[in-house]
There are 2 protein chains.
Amino acid sequence: MRFDPTTLKFDDKGLIPAIAQDETGDVLMVAWMNLEAVQKTLETRKVTYWSRSRQAFWIKGETSGHAQKLLDFRYDCDADCLLMVVEQEGPACHTNRRSCFYRAVRDGEVVELMKPMV
Amino acid sequence: MRFDPTTLKFDDKGLIPAIAQDETGDVLMVAWMNLEAVQKTLETRKVTYWSRSRQAFWIKGETSGHAQKLLDFRYDCDADCLLMVVEQEGPACHTNRRSCFYRAVRDGEVVELMKPMV
């Protein structure tokens with residue numbers, strides 16, 4: 001069956017959350033895509049989000065160099081969430097950490113799991 | 001620093017997306033939590049979502065038996081997305097598959113990555 005991106009379920013703002021995970025299984029970040037960002041991502045294999053703050057396409061790494069090459073594009077049972085396996089160049093997080101999920105809550109305390117990359 | 005769940009950024013519906021990942025790194029599902037669901041999850045270590053369709057708390061596995069025991073609770077740089085490492089009992093997906101992300105798009109075709117568990 002051919003994949004039809006218009007069958008994805010976008011929210012009332014026309015967006016769908018997209019998880020980026022690297023080949024080791026680490027979850028790097030979550031951002032949002034609209035229909036056109038999904039199409040661009042599949043066509044170019046460069047992961048492309050929709051920036052809600054800038055209201056513009058955001059080709060990950062285009063300015064920072066921290067690009068994401070699409071390795072596998074997956075979606076969930078309800079077709080309302082995306083999971084992209086990516087090859088991440090450098091840090092995914094704007095704090096210069098490998099992953100945006102660098103904090104955990106353990107025994108009620110905030111624990112930092114990783115430092116910024118140098 | 002003590003973790004204060006009210007510092008998380010909930011959306012205009014009072015919700016935050018929560019990814020469940022197992023110890024092997026597989027992403028199992030994404031659902032939503034409100035502030036009270038976050039608090040219940042941290043207190044009980046039983047992952048508890050807010051069901052948008054039923055508008056009710058959803059203690060994962062309470063009726064199906066496919067519970068999620070919280071192993072680690074993480075959150076991202078913007079504090080607007082959660083990542084829970086869980087011990088998953090049986091399938092996470094309502095289709096009886098281990099993960100909700102059982103479909104990929106490869107060369108434009110939908111590929112099924114896993115079968116329902118028996």
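## Aromatic pairs

Phe57(B) has a relative accessible area of 31%, which makes this residue partly exposed. In this predicted model, Phe57(B) forms an aromatic pair with Trp50(B). The arrangement is edge-to-face, with 80 degrees between the planes and 5.1 Å centre to centre. Trp50(B) has a relative accessibility of 16% and therefore counts as buried, since the cut-off for that class is under 20%.

Over all chains, the count of aromatic pairs is 8. Another of them joins Tyr49(A) to Trp58(A). The centres of these two rings are 5.1 Å apart, and an angle of 45 degrees between the planes makes the pair tilted. Tyr49(A), at 0% relative accessibility, is buried, whereas Trp58(A), at 28%, is partly exposed. Chain A also holds an aromatic cluster made up of Phe3(A), Phe73(A) and Tyr75(A).

## Charges over rings

Two contacts in chain A place a charged side chain over an aromatic ring. Lys40(A) has its charged end over the ring of Phe57(A), at 4.8 Å from the ring centre. Arg97(A) lies over the face of Tyr102(A), and here the distance to the ring centre is 3.8 Å.

## Helix α1 of chain A

Helix α1 of chain A spans residues 35-44. Its buried residues are Ala37(A), Val38(A), Thr41(A) and Leu42(A). Viewed down the axis of α1(A), the buried residues fall within an arc of 130 degrees, so they line one face of the helix.

Just after α1(A) comes Arg45(A), whose phi is positive, at about 60 degrees.

## Relation between the chains

Chain A superposes on chain B by a rotation of 180 degrees, with 0.0 Å of shift along the axis and an RMSD of 0.0 Å. The two copies are therefore related as by a two-fold rotation axis. Which C-alpha of chain A is nearest the axis? It belongs to Gly25(A) and is 2.3 Å from the axis.

Both copies use the same surface: of the contact residues of chain A, 100% recur in chain B.

How values were computed: Residues numbered from 1 in each chain as written. Chains lettered and ligands numbered in written order. Predicted model: local features only at pLDDT ≥ 70, side-chain atom pairs only at ≥ 80, totals over all residues. Heavy atoms only, no water. Buried < 20%, exposed > 50% of the residue type's maximum accessible area, 1.4 Å probe, protein only. Helix = DSSP H or I, 4+ residues; strand = E, 2+ residues; numbered from the N terminus. Arc of directions from axis to C-beta. Least-squares fit on C-alpha atoms with pLDDT ≥ 70 in both. Contact = heavy atoms within 4.5 Å. Phe/Tyr/Trp six-rings, centres within 6.5 Å; stacked < 30°, edge-to-face > 60°. Lys NZ or Arg CZ within 6 Å of the ring centre and 35° of its normal.
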